[in-house]
Amino acid sequence: MAPMNTPAGPAAPPLWTLVVPVKPLPLAKSRLAGPLSAPSRSRLALAFAQDTVTAALACPEVRDVVVVTDDARGGGALAALGARVVPDTPAAGLNAALAHGARAARHGTAHGAVAALNADLPALRPAELSAVLRAAAHFPRSFLPDAAEIGTTFLAALSGTELRPLFGGHSRSRHRDSGAVELNPPAVASVRQDVDTVADLRAALVLGVGPHTRRVAAGLPATEGVAGPAGT
């Protein structure tokens with residue numbers, strides 16, 4: 001038997017449940033409405049979510065993914081990838097949906113490590129998400145700013161800590177002011193590159209998007225302004 005004063009081994013790193021919110025596809029990606037048609041925006045929004053969920057589920061630190069959506073098509077496609085889909089019962093916007101998803105992930109308790117992850121990260125790489133999750137494991141509540149350094153793509157809460165999402169607009173400053181620790185792990189561009197504009201989409205294409213987004217982007221009409229070296 002080991003002596004009573006033997007130091008305990010390091011705590012096991014947490015396994016995470018990621019909460020991914022998905023708008024009804026006809027309403028998604030409204031900031032792309034100028035250059036892209038409504039059908040193209042819907043196809044891209046679903047492709048972004050599919051590539052995000054696929055990469056997240058391939059991350060060894062991820063236990064499961066909870067998708068919050070009322071979109072039957074999107075929910076079905078993401079459930080087929082292995083996500084658990086819950087309806088947006090509050091129907092009161094993004095932050096209410098994320099808080100609802102976090103409660104569903106924890107089965108009505110305050111326990112379990114949960115993180116909100118944007119659904120529009122088509123270049124997401126499992127290894128880079130792992131680096132972010134390992135960094136988040138050191139703080140009760142933490143976040144990662146987006147590539148523009150204005151918004152947020154990831155917000156984490158360890159077991160026993162409320163998620164308290166404050167997404168939308170200048171959410172980086174709101175999350176920081178709320179006491180969440182801003183993470184800065186190196187080489188995690190794919191976790192920060194969300195897509196709101198055509199420039200964002202081009203940047204994601206340069207990083208290298210997943211197969212769903214690659215297929216949809218390749219089929220966009222040249223008149224919609226995405227085709228070109230970055231999109232080939």
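Helices (H or I, at least four residues) and strands (E, at least two) are DSSP runs, numbered from the N terminus. This is a predicted model, in which local features need pLDDT of at least 70 and side-chain atom pairs count only at pLDDT 80 or more, while totals for chains, interfaces and linings use all residues. Residues are numbered from 1 along each chain as its sequence is written, and side-chain values use heavy atoms, with hydrogens and water left out.

**The nonpolar core**

- In soluble globular proteins, nonpolar side chains tend to be buried together.
- A nonpolar core is a set of buried Ala, Val, Leu, Ile, Met, Phe, Trp, Tyr and Cys residues joined through side-chain atoms within 4.5 Å.
- Buried means under 20% relative accessible area, exposed means over 50%, and partly exposed lies in between (1.4 Å probe, protein chains only).
- The largest nonpolar core has 38 residues, of which W16, L18, V65, L117, L129 and F154 touch the most other members.
- Two or more residues of this core come from each of β1 (16–21), α1 (38–57), β2 (62–68), α2 (72–81), β4 (113–117), α4 (126–136) and β6 (152–157).
- Contact means heavy atoms within 4.5 Å. Apart from its neighbours within four places in sequence, F154 is in contact with A115, A116, L117, V132, L133, A136, S142, F143, L144, F167 and L183.

**Buried elements and residues**

- Helix α4 is largely enclosed by the rest of the structure, because eight of its 11 residues are buried. These are E128, L129, S130, A131, V132, L133, A135 and A136.
- S142 belongs to strand β5 (residues 141–145) and is buried, with a relative accessible area of 0%. Leaving aside neighbours within four places in sequence, S142 has contacts with A136, F154, L155, A156, A180, V181 and L183.
- A97 is part of helix α3 (residues 94–105) and counts as buried at 5% relative accessibility. When residues up to four places away in sequence are not counted, A97 touches V68 and D88.
- A97 and V67 are 30 residues apart along the chain, and their C-alpha atoms are separated by 9.7 Å.

- Two packed helices are described by the angle between their axes and the distance between the axes.
- Axes are lines fitted to C-alpha atoms, for helices over the stretch in contact, and angles run from 0 to 180 degrees between N-to-C directions.
- Angles under 35 degrees count as roughly parallel, over 145 as roughly antiparallel, 65 to 115 as roughly perpendicular and the rest as oblique.
- The axes of α1 and α2 come within 10 Å and cross at roughly 25°, which means that α1 is roughly parallel to α2.
- The α1 and α2 crossing is right-handed; a crossing is left-handed if the near helix is turned anticlockwise from the far one by less than a right angle, and right-handed if clockwise.
- In this contact, α1 contributes R43, L46, A49, Q50, V53, T54 and L57, and α2 contributes R73, G74, A77, L78 and L81.
- By class, the contact of α1 with α2 has seven nonpolar, three polar and two charged residues. Ala, Val, Leu, Ile, Met, Phe, Trp, Tyr, Cys and Pro count as nonpolar, Asp, Glu, Lys and Arg as charged, and the others, Gly among them, as polar.

**Helices α1 and α8**

- The axes of α1 and helix α8 (residues 211–218) come within 7 Å and cross at roughly 160°, and the two helices are therefore roughly antiparallel to each other.
- The crossing of α1 past α8 is left-handed.
- The contact involves R43, L44, A47, F48, Q50, D51 and T54 of α1 together with P211, H212, T213, V216 and A217 of α8.
- A217, in helix α8, is buried, with a relative accessible area of 5%. From C-alpha to C-alpha, A217 and A47 are 9.2 Å apart in space, and they are 170 residues apart in sequence.

**Residues with positive phi**

- Most residues other than glycine have a negative phi, and most peptide bonds are trans.
- E149 is not a glycine, yet it has a positive phi of about 60°. E149 lies in the loop between β5 and β6 and is partly exposed, with a relative accessible area of 44%.
- R164 also has a positive phi, of about 50°, although it is not a glycine. R164 lies in the loop between β6 and α5 (171–177) and counts as partly exposed at 38% relative accessibility.
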